[in-house]
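Here's a quick tour of the aromatic side chains in this one. Have the structure open and follow along.

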Amino acid sequence: MRILQGLIDVIGFLTAIPVRLNEHSLKNAAEHMYLFPLVGGFIGLVGGVIAYLIGQAFPRIVAATISLFAIFALTRFYHIDGLLDFGDGLVAHGSKMEKLRAMKDCRIGAGGLTLGLMIILLTIWTITSFPQELIVQYFMVSEVLAKFSMIVLAVFGRSAREGTNRYFVAAMKGQRGYVRFLLAVVISVTVSFPLVGLKAIYAAITTILVSFFILAISNINFGGITGDVFGATNEVSRIASFLILLAVTSS
């Protein structure tokens with residue numbers, strides 16, 4: 001029953017599905033962060049089915065654009081917003097505190113706009129290149145790994161400032177944190193491997209490398225991670241796994 005409530009709270013945190021969220025449910029979602037990949041599989045299933053069905057009647061670029069928009073809408077544009085803020089923070093001049101303030105600014109700057117457009121356009125192009133018979137599987141695996149990348153960030157990162165991110169970082173530390181991390185690994189493998197086989201290994205390795213790369217950048221620029229960094233990691237990890245799955249398919 002506790003796990004079921006944890007899954008409900010994770011769904012409420014990661015998606016636009018109407019689940020009431022308060023501080024208690026947020027903490028509970030953090031304690032069940034290992035379920036992120038499972039919810040990611042559901043998000044990917046929705047996006048993949050939309051891409052497949054629309055691709056039967058319209059050009060692939062239309063299907064790719066609508067399916068990506070559907071994922072953004074299903075996740076409340078939460079992660080793409082983090083990517084835009086992350087881009088603004090990276091190009092901001094000054095100290096780490098000034099970069100953090102730039103991330104909190106509600107306006108979109110050149111850094112966020114450029115990074116966001118690059119990731120969105122590259123993602124759409126990659127989706128159009130997928131074999132139609134594998135598009136649902138690739139969506140699911142990429143979303144599973146995108147959510148797993150945030151877990152990697154929480155396990156090895158530290159909070160740069162107070163915010164919702166602190167609950168997730170704290171929950172993934174210590175002995176319980178490592179147990180939760182192992183559970184996340186098991187869930188990710190259980191969902192991904194039957195879908196694409198050994199391709200999942202290549203995608204997972206790529207995703208983990210991306211997570212550590214963004215973690216290193218965040219430590220240098222912001223002194224740690226924030227909710228925006230989590231969102232950026234999700235978006236970059238998705239396109240990274242998309243690209244490696246496409247590369248492995250084409251080879």
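Rings of Phe, Tyr and Trp (its six-membered ring) pair if their centres lie within 6.5 Å; planes under 30 degrees apart count as stacked, over 60 as edge-to-face and the rest as tilted. By that rule there are 13 aromatic pairs, and F13, F36, Y78 and F168 form one aromatic cluster.

A word on the ground rules: this is a predicted model, where local features need pLDDT of at least 70, side-chain atom pairs count only at pLDDT 80 or more, and totals for chains, interfaces and linings use all residues. Residues are numbered from 1 along each chain as its sequence is written, and side-chain values use heavy atoms, leaving out hydrogens and water.

Here are two of the pairs:

| Pair | Centre to centre | Angle between planes | Type |
|---|---|---|---|
| F13 and Y78 | 5.7 Å | 70° | edge-to-face |
| F139 and F242 | 5.5 Å | 65° | edge-to-face |

F13 sits in helix α1 (residues 2–14) and Y78 in helix α5 (residues 78–91), so their contact ties together parts 65 residues apart in sequence. Helices here are DSSP runs (H or I, at least four residues), numbered from the N terminus. F13 is buried at 9% relative accessible area, while Y78 is partly exposed at 29%. Buried means under 20%, exposed over 50% and partly exposed in between (1.4 Å probe, protein chains only).

Methods
Helices (H or I, at least four residues) and strands (E, at least two) are DSSP runs, numbered from the N terminus.
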